[in-house]
Amino acid sequence: MTTHVFVIGLDDFNRRQLQTIRGADQCAFHNLLPYEMVVDPEEYPIEEMIERGRRELAEAGVPVDAIIGHWDFPTTALLAIFRRDHGLPGPSLAANLIAEHKYWSRLRQQRVIPDHIPAFQSLDPFDPQAEGRVELDFPFWIKPAIGFSSQMVYRVADARELHIALEGLRRGIRRFGAPFAHLLELAPLPDDIPRQVDAHYCVLEKPIGGWQCTLEGYIQQGKVTVYGTVDSIRGGPLGSSLLRYEFPSELPDGVRARMVEITERTIPALELDNTPFNVEYFWDRETDRIWLLEVNSRISKSHCPLFVDVCGASHHEVAVDIAMGHRPEFPRWEGRYRASTKFMLRRFEDGVVTRVPSAAELAALEAEFPGTRILMEVGEGDRLSELRGQEVYSYEVGVIFMGGNDHRELEARYRELVARLPLEFGPPPRSIREGGRH
């Protein structure tokens with residue numbers, strides 16, 4: 001009997017990841033909503049997305065056995081709406097919105113893990129007196145209450161940088177704020193959530209740092225399970241740009257156990273249930289203090305190939321099992337490799353792409369470096385500063401997944417591969433080169 005699984009914004013890459021899960025041969029994976037509508041569009045037409053998704057499910061002509069997603073906002077909210085329509089397990093829309101909203105989430109975290117979160121505050125960037133309402137001392141990070149992939153996230157060291165950051169946030173924050181406002185109309189919120197601090201607000205937080213990692217897990221019928229830990233390696237001019245993910249983590253077992261205990265308190269406090277999640281942490285080795293950075297009520301799509309390499313299956317398997325109401329049996333450690341890394345190929349200055357590798361050139365490099373998959377994210381003629389979905393301080397132009405014996409071997413192979421990658425850039429047009437990127 002075929003199980004029909006609907007996947008929001010399904011693309012070819014993630015369809016291949018889904019084919020690795022246990023029982024994939026008995027599943028039919030159906031796309032729900034066009035990829036271009038879901039993933040980093042110019043704007044999110046949320047009412048149209050809800051209406052179209054409901055229509056696609058109603059007209060599918062097959063049973064709706066499960067609905068899953070692995071993208072950021074607004075996918076998790078859409079999942080809650082569509083699952084509720086079909087009586088499928090998953091967290092409520094209100095719970096998803098609280099988890100997504102960086103300020104509301106911090107308020108809930110403050111109740112149960114106050115020693116593991118930094119000083120923070122909310123701020124309305126459209127308030128004429130916004131700069132005078134900052135309560136934190138410099139330096140701090142400022143970011144939208146709703147956002148992802150470090151978009152519109154600024155490190156602020158003085159009043160001048162605060163002014164620049166607020167200008168940038170005012171230009172872009174409505175892209176997330178408008179759809180979130182519509183979703184709020186569909187979700188009754190508990191009394192402890194300050195509804196007036198909506199998605200047009202920012203969150204300011206004192207810097208935290210150390211060894212960064214992500215715990216992948218799930219909560220089912222109130223029980224929290226953590227099944228994997230992935231290290232995050234940052235670098236670049238400010239040391240804040242993600243350079244690679246490494247699995248399995250080399251974090252000490254005792255530190256990981258403490259992170260699991262913190263997670264067991266945090267996830268229920270957000271009222272999440274019957275969902276996968278990932279939680280990002282820092283461990284400050286000098287003070288032995290653990291800081292919680294962020295909670296996401298979904299699997300990390302970036303980690304899927306890492307689990308395939310080491311465990312033999314993507315953790316999409318967890319998402320499908322939870323969506324079906326089944327208890328996951330993951331991981332099984334049946335992969336081809338002992339270690340796997342996702343490398344983010346970044347450029348730290350603006351430019352125009354003048355040459356990208358051909359499909360044949362990429363295939364040749366992948367054959368020469370076994371266990372490698374290369375995905376280019378730019379095309380010839382692209383101006384880097386005009387790309388959507390980028391962080392403030394760098395541009396991601398491609399990603400490279402590698403499996404091998406250990407992380408040091410993989411880093412050396414990556415450097416050798418990149419040195420031979422036929423990817424070239426030219427300067428940006430002279431007429432708009434002035435000023436650069438802040």
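Outside the four places on either side in sequence, H316 is in contact (heavy atoms within 4.5 Å) with N14, Q17, L18, I21, I68, H70, I299 and C304. The model is predicted, so local features need pLDDT of at least 70 and side-chain atom pairs count only at pLDDT 80 or more, whereas totals for chains, interfaces and linings use all residues. Residues are numbered from 1 along each chain as its sequence is written, and side-chain values use heavy atoms, with hydrogens and water left out.

H316 belongs to helix α11 (residues 316–324). Helices (H or I, at least four residues) and strands (E, at least two) are DSSP runs, numbered from the N terminus. The relative accessible area of H316 is 0%, so this residue is buried. Buried means under 20% relative accessible area, exposed over 50%, and partly exposed in between, with a 1.4 Å probe and protein chains only. One of the contacts of H316 is polar: its side chain meets that of H70 at 3.0 Å. A polar contact is a pair of N or O atoms within 3.5 Å; within protein, one must be able to donate a hydrogen and the other to accept it, and residues adjacent in sequence count only if both atoms are side-chain atoms.

Aromatic rings were paired next. Rings of Phe, Tyr and Trp (its six-membered ring) pair if their centres lie within 6.5 Å; planes under 30 degrees apart count as stacked, over 60 as edge-to-face and the rest as tilted. The count is 16 aromatic pairs. F13 and F401 are stacked, because their ring centres are 5.7 Å apart and their planes are at 20 degrees. This pair links distant parts of the chain, with F13 in helix α1 (residues 12–18) and F401 in strand β16 (residues 395–404), 388 residues apart. Both F13 and F401 are buried. W211 and W283 form a tilted pair, because their ring centres are 5.9 Å apart and their planes are at 45 degrees. Here strand β8 (residues 211–220) supplies W211 and strand β11 (residues 275–284) supplies W283, 72 residues apart. W211 is buried at 17% relative accessibility. W283 is buried at 10%. Ring pairs also join Y218, Y227, F247, F307, F330 and W333 into a cluster.

The largest nonpolar core has 89 residues. Such a core is a set of buried Ala, Val, Leu, Ile, Met, Phe, Trp, Tyr and Cys residues joined through side-chain atoms within 4.5 Å. Those with the most contacts inside it are I67, F82, W104, I142, Y154, M259 and Y281. Beyond four places in sequence, M259 is in contact with C213, L215, L251, Y281, F282, W283 and I290. Another core, of 33 residues, lies apart from the largest one and includes Y218, Y227, L242 and A319.

G53 lies in helix α3 (residues 46–58). G53 is buried, at 0% relative accessibility. Its contacts beyond four places in sequence are L32, L33 and F82. G53 and P34 are 19 residues apart in sequence and 9.5 Å apart in space, C-alpha to C-alpha.
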